[in-house]
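Subject: Structure handover

Hi,

Here is the structure for you to look over. My notes follow below it.

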Amino acid sequence: MAEISLERAQESIVDRQQELKALDETKSGVKGLVDSGLHRRTKVGEACEKWGINHGIPLATTDEMINGLRRFHEQDDEAKKEIYSRDYSKKVYYNSNIDLYKAEATSWRDTLCCVMAPRHPLPQELPAVCRDIVIEYSSKMMKLGQTLLELMSEALGLNRSYLEDIGCGEGMLVKCHYYPPCPKPDLTLGSSSHTDTGFCTVVLQDEIGGLQILYQNQWLDVNPVRGALVVNLADMMQASPP
């Protein structure tokens with residue numbers, strides 16, 4: 001069980017006093033907060049700094065996405081070999097470890113990659129066993145991404161369309177990782193510690209779990225919840241503390 005230190009508790013009290021003073025000085029009451037949209041900025045800003053918000057994508061879609069990608073990875077090897085490639089100019093490709101020849105250690109992971117925006121692949125370029133769900137899921141994720149960018153813009157005190165207007169939502173890469181059972185799990189990892197490039201990464205886990213995040217210098221397990229999405233601010237969205 002996590003313990004809250006006396007110092008952190010005192011900091012929390014000070015922060016609350018400052019927030020109350022700021023509210024009082026507006027002379028507009030809590031309705032002023034509602035009218036200004038601050039309640040949305042505060043909620044999303046805190047979620048970006050700490051934990052989460054709801055996403056609204058149906059369970060049927062997230063479940064079928066997981067099942068469809070499992071079908072792809074567990075099908076006959078000959079079918080997968082047709083799109084196995086290290087030509088990263090392709091919109092759809094499958095391989096093991098994108099940094100296989102550069103990383104110090106090899107991760108125990110295979111990946112199907114689909115570049116779904118700004119120019120999506122032709123339907124026939126996508127694997128037949130997961131084609132329909134990849135298209136459906138990607139469409140819903142694009143809309144979710146646009147909503148996230150709007151809310152993040154507001155949380156930063158910017159115009160709602162700011163991040164979208166500067167092109168943050170133009171591209172989308174769907175990476176579908178698969179971590180088969182490893183005969184010697186003490187010798188490798190599914191994925192080493194890293195940060196993500198781009199603006200944000202939305203992670204959908206299956207029931208196996210294993211995802212961890214670094215929070216306040218501690219590695220914490222992100223236990224899988226059916227249908228839940230983990231939104232990670234990537235390198236280009238990181239904001240330096242004041």
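With which residue does K81 form a salt bridge? The partner is E78, and the closest N and O atoms are 3.3 Å apart. Bear in mind that this is a predicted model. K81 and E78 both sit in helix α5. They are 3 residues apart, about one turn of the helix. Both K81 and E78 are exposed.

Salt bridges

A search of the whole structure turns up 9 salt bridges. Helix α5, residues 77-81, also holds K80 and D77. Their side chains meet in a salt bridge, at 3.4 Å from N to O. K80 and D77 are again 3 residues apart, about one turn of the helix. K80 counts as buried, because its relative accessibility is 6% and the cut-off for buried is under 20%. D77 has 46% relative accessibility and counts as partly exposed.

R71 and E64 also pair up. Their side chains form a salt bridge of 2.7 Å, N to O. R71 is partly exposed at 38% relative accessibility. E64 is partly exposed too, at 27%.

Salt bridges link R70, D206 and E207.

Around K80

What does K80 touch, leaving out residues up to four places away in sequence? The contacts are F72, H73, Q75 and Y94. Two of these, F72 and Y94, come up again with the aromatic rings.

Aromatic rings

The structure holds 3 aromatic pairs. One of them joins F72 and Y94, edge-to-face. The ring centres are 5.4 Å apart, with 85° between the planes. F72 lies in helix α4 (residues 59-74) and Y94 in strand β1 (residues 92-96), so this pair ties together parts that are 22 residues apart in sequence. F72 is buried at 1% relative accessibility. Y94 is buried at 8%.

Y94 also pairs with Y84. This pair is edge-to-face, at 5.4 Å centre to centre and 80° between the planes. Y84 lies in the loop between α5 and β1, while Y94 is in strand β1, so the pair ties together parts that are 10 residues apart in sequence. Y84 counts as partly exposed, with 40% relative accessibility.

Cysteines

How many disulfides does the structure hold? The count is 0. Take C114. The closest cysteine sulfur to its own is in C176, 5.2 Å away, which is too far for a bond. A disulfide needs the two sulfur atoms within 2.5 Å. C130 is in no disulfide either. For C130, the nearest cysteine sulfur is that of C114, at 6.5 Å. C114 is buried at 0% relative accessibility, and C130 is buried at 1%.

Surface patch

Last, the surface. L156, L158, Y162 and I166 form a nonpolar patch there. Together they have about 370 Å² of accessible area. I166 is found in the loop between α7 (162-165) and β3 (172-178).

Best wishes

Notes. Residues are numbered from 1 along each chain as its sequence is written. This is a predicted model: local features need pLDDT of at least 70, side-chain atom pairs count only at pLDDT 80 or more; totals for chains, interfaces and linings use all residues. Side-chain values use heavy atoms; hydrogens and water are left out. Patches are made of residues with over 30% relative accessible area and no salt bridge: like charges are joined within 9 Å, nonpolar side chains (Val, Leu, Ile, Met, Phe, Trp, Tyr) within 5 Å. Accessible areas come from the Shrake-Rupley method with a 1.4 Å probe; for residues, only the protein chains shown count as cover. A salt bridge is a side-chain nitrogen of Lys or Arg within 4 Å of a carboxyl oxygen of Asp or Glu. Helices (H or I, at least four residues) and strands (E, at least two) are DSSP runs, numbered from the N terminus. Buried means under 20% relative accessible area, exposed over 50%, partly exposed in between (1.4 Å probe, protein chains only). Contact means heavy atoms within 4.5 Å. Rings of Phe, Tyr and Trp (its six-membered ring) pair if their centres lie within 6.5 Å; planes under 30 degrees apart count as stacked, over 60 as edge-to-face and the rest as tilted.
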